[in-house]
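The sequence and structure are shown first.

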Amino acid sequence: VVTGQGWFDELPDDSVWKIGAGADEIDVLAGALRSLATEPDRRAAMGRVARAYIVAHCAPEVVAARYIAAIETVQRPQEFYPPAFVPDANPLKAITS
């Protein structure tokens, strides 16, 4: 059960129970917890979807690979951007030329 705001709202709808923040949040949360406690099939289905999402998107090796790709993009921008957008290796060159 998550508040459906911020990055939590990006989670797949069938992997978490999203509730809105507001005056009735406590009542909605209580209802969600009651439903999950009394509906084992629903709870199990959400758990399966949530686990699959975490394995596919949040596992350490997946996140590490994304960090490596981002770092490599910064280290070698000429491979990812048109030449006009690649910063000069010497930013003072334009001033001294």
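## Contacts and overall architecture

Among the contacts in the protein with a separation of 6 or more, 27% are between residues 24 or more positions apart; contact means heavy atoms within 4.5 Å. The model is predicted: local features need pLDDT of at least 70, side-chain atom pairs count only at pLDDT 80 or more, and totals for chains, interfaces and linings use all residues. Residues are numbered from 1 along each chain as its sequence is written, and side-chain values use heavy atoms, with hydrogens and water left out.

The protein contains four helices and two strands, in the order β-β-α-α-α-α from the N terminus. These elements are DSSP runs numbered from the N terminus, with helices (H or I) of at least four residues and strands (E) of at least two.

## Surface and core

Of the 97 residues, 13% count as buried; buried means under 20% relative accessible area, exposed over 50%, and partly exposed in between (1.4 Å probe, protein chains only).

The largest nonpolar core has five residues in all: Trp 17, Ile 19, Ala 32, Leu 36 and Met 46. Such a core is a set of buried Ala, Val, Leu, Ile, Met, Phe, Trp, Tyr and Cys residues joined through side-chain atoms within 4.5 Å. Not counting residues up to four places away in sequence, Leu 36 touches Val 1, Trp 17, Arg 43 and Met 46.

## Packing of H1 and H2

Helix H1 (residues 25–38) packs against helix H2 (residues 40–57) at an angle of about 100 degrees, and their axes are 5 Å apart. H1 is therefore roughly perpendicular to H2, a term for angles of 65 to 115 degrees. Axes are lines fitted to C-alpha atoms, for helices over the stretch in contact, and angles run from 0 to 180 degrees between N-to-C directions.

On the H1 side, Ser 35, Leu 36, Ala 37 and Thr 38 meet Pro 40, Arg 42, Arg 43 and Met 46 of H2. By class, this contact has four nonpolar, two polar and two charged residues. Here Ala, Val, Leu, Ile, Met, Phe, Trp, Tyr, Cys and Pro count as nonpolar, Asp, Glu, Lys and Arg as charged, and the others, Gly among them, as polar.

Ser 35, in helix H1, is buried, with a relative accessible area of 18%. Beyond residues up to four places away in sequence, Ser 35 touches Trp 17 and Arg 42. Arg 42 lies in helix H2 and, at 37% relative accessibility, counts as partly exposed. The C-alpha atoms of Arg 42 and Asp 14 are separated by 9.7 Å, although these residues are 28 residues apart along the chain.

Leu 11 lies in the loop between strand E1 (2–3) and strand E2 (18–19). With 12% relative accessibility, Leu 11 counts as buried. Leaving aside neighbours within four places in sequence, Leu 11 is in contact with Val 16, Lys 18 and Tyr 53. Leu 11 and Ile 54 are 43 residues apart along the chain, and their C-alpha atoms are separated by 9.9 Å.

Methods. Angles under 35 degrees count as roughly parallel, over 145 as roughly antiparallel, 65 to 115 as roughly perpendicular and the rest as oblique.
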